[in-house]
Amino acid sequence: MPMNKSIPQTYFSEKAYIRVILLLGMGFAILAGLSVLSIIRDRNTYLNESHHITSAKAQVLGENGASVLYDVDVLLNAIHFLWQSHTETDSIVPSTVKKFIQGQLVFLPQVSNITILSADGTLQYSSTPLSTFDTPSFVKHKDEWLDFYAGTSRLDSGKRGILISRRAESYDSKFMGIIAATIDPVVFSNKYENYLNIDVAGIALFDLQGNVLTGWTNQAEQQWNMTGANIRQVAMLADSADEILNSGGRKTFETENEIISSFQLPDFTLQIAVVSDKHSVLATWYRETMFKAGLIAISTLLTGIAILLMTWQIQKRKTAEGKLLKHQQHLEETVTRRTSQLSELNNDLRNKNEDLLRAMNEIQTLSGLLPICSHCKKIRDDSGYWSQLETYIGEHTQAEFSHSICPSCAKIYYPDMDLYDD
């Protein structure tokens with residue numbers, strides 16, 4: 001019975017340990033899974049927020065850039081109206097128009113030069129002295145009836161600037177020439193760099209063909225390589241160039257390393273693209289992930305240690321219970337052996353007791369006064385019969401007689417026979 005009781009106790013104890021280990025492992029797996037899901041969710045949250053922020057920045061910068069261009073375009077239209085309204089014989093460009101331009105440039109620091117070309121392409125006026133003047137829009141205005149143009153033009157410094165030009169016509173719809181304003185890209189670059197402490201990787205203002213009018217990047221060595229280039233040649237825009245140009249000006253793209261949002265400038269056939277670096281966007285997420293990963297690693301280590309300790313405890317308990325079981329079995333075998341020995345001893349004692357009782361009975365039988373014949377030595381029993389001495393003793397004891405003759409009788413009855421030596 002003790003053995004049967006000890007085995008269920010061991011079974012249930014080990015089963016309880018296993019249940020605790022399973023619950024501990026399941027709890028840790030659930031917490032680890034929730035942590036991983038939280039990490040993924042946080043990453044998506046950071047990226048989605050960055051999408052919205054980048055899109056908002058593109059819209060704000062686009063509207064701000066449109067306001068700058070709109071002010072310049074208003075000036076060009078005003079110059080066109082004055083040019084149509086005044087006629088002078090000494091010059092194609094009236095003096096009143098020149099004075100008007102000089103007065104307006106004071107309020108438009110973003111404009112570095114105003115130029116007017118005649119119908120044959122001759123430079124008639126320039127607000128600043130120029131050695132050369134690149135007019136990529138002249139043919140478009142003259143032959144294609146293009147009213148407004150925004151693009152780039154090479155400056156005297158050798159760099160490229162932003163060129164905005166308008167077709168000028170007389171009241172009778174004859175082509176008079178073009179009025180162009182040149183804007184130094186530095187104006188936009190500085191504006192973007194300081195605007196609201198903007199924290200983006202790059203900005204590009206480009207036309208519908210992808211030609212960059214101006215741009216800004218946090219990598220100084222690439223700053224001046226953007227103006228006049230195509231967005232397909234700009235590293236941070238090259239992979240998404242076609243999608244940007246076909247997006248209609250309001251879309252956000254995500255590449256492996258960048259988040260790009262484009263915005264169509266109001267009233268202009270220009271777009272602005274704002275680029276955010278995903279590594280910078282996810283910098284906080286990386287730190288949080290490292291912290292959470294550290295917690296998961298520590299939790300894993302502690303859980304592993306706990307499971308190992310519990311497993312070790314189970315093995316230790318099983319070993320101890322095994323030893324107890326062996327000791328119990330040994331005790332039971334010893335008790336069984338000793339019980340068997342005691343049983344044998346009891347049987348021996350019982351037999352000896354029976355022998356003693358018989359002997360005592362025989363002794364009692366032989367004890368007391370026995371009537372014996374004084375001549376023939378016969379003994380009278382309880383029934384009154386006389387029996388030979390050896391017969392009586394043989395009946396009442398286990399003794400057996402063998403007949404012989406004593407030396408005295410041998411001399412009396414057999415004097416001639418020397419039965420006993422001296």
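Which residue in S4 is the bridge partner of Ser-153? Select Gly-161: this is the S4 partner of Ser-153.

Before going on, a note on the source. This is a predicted model, in which local features need pLDDT of at least 70, side-chain atom pairs count only at pLDDT 80 or more, and totals for chains, interfaces and linings use all residues. Residues are numbered from 1 along each chain as its sequence is written, and side-chain values use heavy atoms, with hydrogens and water left out.

**Stop 1: the sheet**

Colour the strands S2-S1-S5-S4-S3, in that order. They make an open sheet of 5 strands with antiparallel pairing. Helices (H or I, at least four residues) and strands (E, at least two) are DSSP runs, numbered from the N terminus. Two strands pair if DSSP finds at least two bridges between them. Now pick out the edges: strand S2 (123–126) and strand S3 (148–154) each pair on one side only. Neighbouring strands are turned by 25° against each other on average, direction ignored. For such angles, axes are lines fitted to C-alpha atoms, for helices over the stretch in contact, and angles run from 0 to 180 degrees between N-to-C directions.

**Stop 2: strand S5**

Select residues 175–183, which are S5. How many of its 9 residues are buried? The count is 9 of 9. Buried means under 20% relative accessible area, exposed over 50%, and partly exposed in between (1.4 Å probe, protein chains only).

Look to one side: S4 (residues 160–169) pairs with S5 in the antiparallel sense over 8 bridges. Find Glu-169 and its S5 bridge partner, Phe-175. Look to the other: S1 (residues 111–118) runs antiparallel to S5, with 7 bridges between them. Here Val-111 has Ile-183 as its bridge partner.

**Stop 3: the hairpin**

Zoom in on the turn between S4 and S5, where 5 residues separate the strands. Ser-173 takes a positive phi near 65°. Show side chains here. Asp-172 and Lys-174 form a salt bridge (3.9 Å, N to O). Asp-172 is partly exposed at 47%, and Lys-174 is exposed at 56%. A salt bridge is a side-chain nitrogen of Lys or Arg within 4 Å of a carboxyl oxygen of Asp or Glu. The model has 8 by this rule.

**Stop 4: helix H2**

Select residues 95–105. Helix H2 lies across S1 and S2, at about 160° to S1. Contact means heavy atoms within 4.5 Å.

**Stop 5: Asp-242 and Arg-232**

These side chains meet in a salt bridge at 3.0 Å, N to O. Asp-242 is in helix H6 (residues 241–245) and Arg-232 in the loop between strand S7 (212–217) and helix H5 (235–238), so the pair ties together parts 10 residues apart in sequence. Asp-242 is partly exposed at 45%; Arg-232 is partly exposed at 43%. Go next to Arg-41, Asp-42 and Lys-292, which salt bridges with shared partners join into one network. Within it, the closest N and O atoms of Arg-41 and Asp-42 are 3.7 Å apart. Arg-41 is exposed at 52%, whereas Asp-42 is buried at 15%.

**Stop 6: helix H1**

Finish on Val-36, in helix H1 (residues 2–85).
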